[in-house]
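Hi,

Here is the structure I promised to pass on. Have a look at it first, and my notes follow below.

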Amino acid sequence: MNLDDQADQDQALTVPCPFPPHGCAQPAGAPCVRVSDGQPLDRAPAHIARLKAAGVVHAPLDPRELARAHERTPRR
Ligand SMILES: [Zn+2]
């Protein structure tokens, strides 16, 4: 998890996660878990629907995430 993910997760935790199938229904303050087995998410800071609900603009499915960090062009 990188610093952007941490910031996104912090923001996501300010709202509850939506109920399945869009989320895991965790309350505000509790990190998202996989609905299938209850384990923490390992590839995203929170469910997409929760990130949207919290107003996180930097979504983890942004195509820029597919590039490695050193390949990104800094935005100024
Ligand atoms: Zn969730």
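Predicted model: local features only at pLDDT ≥ 70, side-chain atom pairs only at ≥ 80, totals over all residues.

Gly 38 sits in the loop that runs between helix 1 (3–12) and helix 2 (48–53).

Setting aside neighbours within four places in sequence, Cys 24 is in contact with Cys 17, Cys 32, Val 33, Val 35 and His 47. Cys 24 also belongs to the largest nonpolar core, a group of 8 residues that includes Cys 17 and Cys 32 as well.

Two backbone details may interest you. Most residues other than glycine have a negative phi, and most peptide bonds are trans. Ala 25, which is not a glycine, has a positive phi of about 65°. Ala 25 lies in the loop between helix 1 and helix 2, and it is partly exposed, with 16 C-beta neighbours inside 10 Å. Pro 20 and Pro 21 are joined by a cis peptide bond, with omega about 10°; Pro 21 is in the loop between helix 1 and helix 2.

As for the whole protein, there are 2 helices and 0 strands, and 18% of the 76 residues are buried. Of the contacts with a separation of 6 or more, 47% are between residues 24 or more positions apart.

Best wishes

Note on methods
Residues numbered from 1 in each chain as written. Helix = DSSP H or I, 4+ residues; strand = E, 2+ residues; numbered from the N terminus. Buried ≥ 20, exposed ≤ 12 C-beta atoms within 10 Å, placed from the backbone. Contact = placed C-beta atoms within 7 Å. Core = buried A, V, L, I, M, F, W, Y, C linked by C-beta atoms within 7 Å.
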